[in-house]
Amino acid sequence: MPPTRDSGRRRPTQRPDTAPQLPCDQPGCNRWFRNLSGLTKHKRTTHLSFSHPHRSFPDHGELLGSSGEEDPVADTTPMLPEHAFNDYQADVPLDPEHEDMRAEYVGSSGRLYRNYHPGLNARRCDARGQFLPANAPPPPRAEKALDDWTPYRNRLEFELADFLFTHAEMPARKIDTLLEIWAASLIGLGGQPLFTNHTDLYRVIDSTRVGDVKWDNFTIRYTGEEQGSERAPWMSDGYEVWYRDPREVIHGILASSEFTDKLDLVPYREYDVSSDQRRWQDFMSGDWAWAQADRILHDDPTTAGATLVPIILGSDKTTVSVATGQTDYYPLYLSIGNVRNTLRRAHRNAVVLIAFLAMPKTTREHANTPAFRKFKRQLFHSSLTRILSSISRPMKVPEVVLFGDNYYRRVIYSLAAYIADYEEQVLLSCIVRNWCPKCLGHHDNLDEGALRRSREHCDTIIEEFELRQAWDSYGIVGDVVPFTNDFPRADIHEMLSPDILHQLIKGGFKDHLVEWVERYLIHIHGRAEAEKILDEIDRRIAAVAPFTGLRRFPQGRHFKQWTGDDSKGLMKVYIAAIEGLVPKDVVRTFRAFLEFCYLVRRNVITEQTLTEIDGALRRFHLFREVFRNAGVIESFSLPRQHAMKHYHYLIRQFGAPNGLCSSITESKHIKAVKRPYRRTNRFQALGQILLINQRLDKLTAARADFAGRGMLNGTCLSQAFEVLGPGTDETHDQRHSIEECANAAGDSEEQTASYEEESGEVIDDQMAVDAHVSLAHRYQRARARNVGALATELGVLDLAHLLRHFLQSQLYPNDSRDPEDIPYQECPVYEGRIRVYNSACSTFFAPSDLSGIHGMRREHIRSCPMWRNAGPRFDCIFIVTDPQAEGMRGLDVARVLCFFSFKYQGTFYPCAVIHWFDRVGEGPDEATGMWIVRPGYRTRNLQNIAVVHIDTIYRAAHLIPVYATHNIDSRDIKPHCSYDMFHSFYVNKYADHHAFEIAF
């Protein structure tokens, strides 16, 4: 039974490890060890088989193992095929000045250390490219005054422009109306509004100098031979492409003060001191960045000291209007690998719209002709080559660029990664559909072991074979040249990144597994009975209790237009809904697949995580055979599902996949394309979209500039009061009233989120602890005011005794006795006033989920008698009960019956009345992988109720009923009563990625 003793937050604490003191003395190896045995083991296992360990090279064609899976051996230097060493001078060392690799500890705990690349080490220089001493100050620059708001007159003018254009997205006519009303209100006071009209507002925004990267365009026409006597219409058309100079865009990212301390400028390898395991997180932690730096130095030793800037691209067609006719756009985005994953995923300006590609259309007669299909491919690649032409030369010769820390550095670019769904990858890699763009596995049996594709291999095939044979035998479209062939060191097959959204969530889960379950049920039970079972699954999904970030399916799964968020939401609850209605191996298949998805989505991936990923993939391949054995599916040769085999290798190359997922570009669609489109008049909308994006970029850059100079501290209101000074009691009351109204407005806004999905909040503030819980800002005046009234309201008649035991544990934390064993007559008494709250707020470190730039996320824990007029809502929580144990063995689950607070002897106590849940069994359920709990009871069948300090609460927990063990008609279940109608529940570790990391 979970203890009710409360001694504050009991988070797991770890003792600091002894720092490693013994370095490896092998040339180029900078591994450090805590003891001699670890150093000896490292030498015997690492340095026996490599003759040149100080060099590393990209892998272009390594053979796979006999199982067909890529070699998961950790921390080995990837090697080229033998022919790659023809031009390699193994006896030519690095520049002696840079031969020593820099190693340093990172983080406040001292548990991590990094080895930094010794060659491309981002040395500072002056504007002429001359390297500076390590301690040299930045070159002098003209400093702007702290009151220089140019082109705005003051903060109010900037904040109003930013609010109206960026946040409110107010149309021009409404801006004019607002400013007219404002002007009318100021006539009697002799004042004027900040702007005259929308034209004045737009003029000021357009005159902003920062963030000003102009849009340009070019037109491409068909210049090939005409086929037949009649010229097809598409051959005469011109195809316009609008773009911004990617070189200027990158300069803007590097020079932004917003990103100064959020960029990784040197490739590195990160290790955990305690286990000596390597860790992959951001892009520069991967093998690709290190190997690319080696390759650049090998080709040109004079690049030593430069800064490698990996270029990440992403493109995908998006539809902005269906009801008024199909309106599509083809945006191209750019980011750089130096930006950390949390920043790229936080929807900041680290991902920039740089182009709108052309989408050629023609008549039905010519739409499917080989000539038109070939032209579309050539148009795509030619456009990319033209757009990226400005960075071609700096890929060979470094250029001097100013960074946000006011230092200059020599910068050399490389095309690094491309974010795209499968259809886009087919186009990019010039392969035939249903083949894999990463390896040479035959489309009839993709999972069979095969070589990885490479630029050199494809060029050789095209040179040696006829186009038809290249198409049939290798899946290569030989008459189109990838755009990467026009740039040094670029290989499109290496660049294609893992895509969690389309390959796993939309592809493997929804389009494959969920569809296979439906086909299985029809195949086994017949359509009529299968429909009943599917209805039962839908009712179970609809009856799941509400939870922050959980998408609601009130009508089940029967709707046509599925989004990525719908598929993500279904993943969180589907496995519990089908349990008991399908064979165990089907449930095990889903468990293995979900665990694979959640493991690869982690923000930090270790060598142990890679082992777990490989294990989940093997179990998935084993259990999915239940569908083939039942005759539901004939072949598993599916490109998106097959892509799972490449994740291990790609994680080693590019770091954690969550930083290169197409969900990033899809989110950018909303901000850069769809919302701007809705602000246009629909006539020649593209030009208006370009202008809107340019103004948004200028406002964002201006905000970053002003914030970097400390000019945006506080709010406009607080700054105005600060200027006015302390004031009188009357002005103090007025100030307090205004701030109270502002807080109330914020609270009411939080309540208006849709019932179908209550989203959590991303928090950009950095915190010193991993988690913190606080009560709501306002207490409920209409609820109980004293302990007796609260006991009656909750139906917990011994609440006064429980509160006395709680005070005993708080006032005497060193008392070894269990407070429940102490007679309540000996415990402190409290009979004063209390305040009751309907919710609490949990802020915790969850970088694997949608979070702020420091990985912090906030959610609300509800405990209220009426939630959105649907019924009561009493959420469940995780409580830390054993800080030394891992996962669920250190956590217990409870249901919050009430949040309240009181003061005793001058100390404020924020508390919760909870109902403990007991764990069932010694481990998680074998089929689903989730722990099972049930409501706890004491003697005489009394509920196990306790009062706890909210500091012991970690975060909210989500439970799903174990439907198969209950004889309850799911038609009678409503989400708000789900926790009351069942007596056993799964602890839903799939509720979000943070829950998956703690509820194991």
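Predicted model: local features only at pLDDT ≥ 70, side-chain atom pairs only at ≥ 80, totals over all residues.
Figure 1. Take a moment to get your bearings: the chain holds 29 helices and 31 strands. Of its 1000 residues, 54% are buried. Among contacts with a separation of 6 or more, 69% join residues 24 or more positions apart. The chain exposes about 45,300 Å², and carbon and sulfur atoms supply 49% of that area.

**Figure 2. Helix H6, residues 287-299, from end to end.** At 1.5 Å a residue, the 13 residues of H6 should span 18 Å.

**Figure 3. Helix H6 and its cover.** How many of the 13 residues of H6 are buried? The count is 10, so H6 is mostly covered. Asp287, Trp288, Ala289, Trp290, Ala291, Gln292, Ala293 and Asp294 are buried, and Ile296 and Leu297 are buried too.

Figure 4. Look for proline 498 in the loop between helix H13 (492-495) and helix H14 (500-525). Is proline 498 buried or exposed? Its relative accessible area is 3%, and buried means under 20%, so proline 498 is buried. Leaving aside residues up to four places away in sequence, proline 498 touches Gln503, Tyr647, Leu650, Phe654, Pro657, Leu660 and Cys661. Tyrosine 647 is 149 residues from proline 498 in sequence, yet their C-alpha atoms are 6.6 Å apart in space.

Key. Residues numbered from 1 in each chain as written. Heavy atoms only, no water. Helix = DSSP H or I, 4+ residues; strand = E, 2+ residues; numbered from the N terminus. Expected span 1.5 Å × (residues − 1). Buried < 20%, exposed > 50% of the residue type's maximum accessible area, 1.4 Å probe, protein only. Contact = heavy atoms within 4.5 Å. Areas by Shrake-Rupley, 256 points an atom, 1.4 Å probe, with all protein chains shown as cover.
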